[in-house]
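Here's a quick briefing to read alongside the sequence and the 3D view. Have a look at both before going through the points.

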Amino acid sequence: MSEQEGTTFVQWRERAQSEVADDRPKIRMIMIVAAVVVVAGIAIGSIVLMLS
């Protein structure tokens, strides 16, 4: 598959980000909050596992 066929991941990511930012800013905030919750859960889980 050559570089000119289809869209690259970077193009897809930029398009997805611009669509989220333009159409629905609330979804962007929900995704940020969800990412923070996931990272916090992983950090707390690893701390608990290390202490046990």
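Why does Ile32 count as partly exposed? Its relative accessibility is 41%, and partly exposed covers the range between buried (under 20% relative accessible area) and exposed (over 50%), using a 1.4 Å probe and protein chains only. This is a predicted model, where local features need pLDDT of at least 70, side-chain atom pairs count only at pLDDT 80 or more, and totals for chains, interfaces and linings use all residues. Residues are numbered from 1 along each chain as its sequence is written, and side-chain values use heavy atoms, with hydrogens and water left out.

**The chain overall**
- The protein chain has 2 helices and 0 strands (DSSP runs: H or I of at least four residues for helices, E of at least two for strands, numbered from the N terminus).
- Of its 52 residues, 0% count as buried.
- Its accessible surface is about 5,000 Å², with 67% belonging to carbon and sulfur atoms (Shrake-Rupley method, 1.4 Å probe; for residues, only the protein chains shown count as cover).

**Around Ile32**
- Ile32 sits in helix α2, which spans residues 25-51.
- Together with Met29, Val33, Val36 and Val37, Ile32 makes a nonpolar surface patch of about 460 Å².
- Patch residues have over 30% relative accessible area and no salt bridge; like charges are joined within 9 Å, and nonpolar side chains (Val, Leu, Ile, Met, Phe, Trp, Tyr) within 5 Å.
- A salt bridge puts a side-chain nitrogen of Lys or Arg within 4 Å of a carboxyl oxygen of Asp or Glu.

**Around Arg28**
- Arg28 is in helix α2 too, and with a relative accessible area of 47% it's partly exposed.
- Arg28 and Gln17 are 11 residues apart along the chain, with 8.6 Å between their C-alpha atoms.
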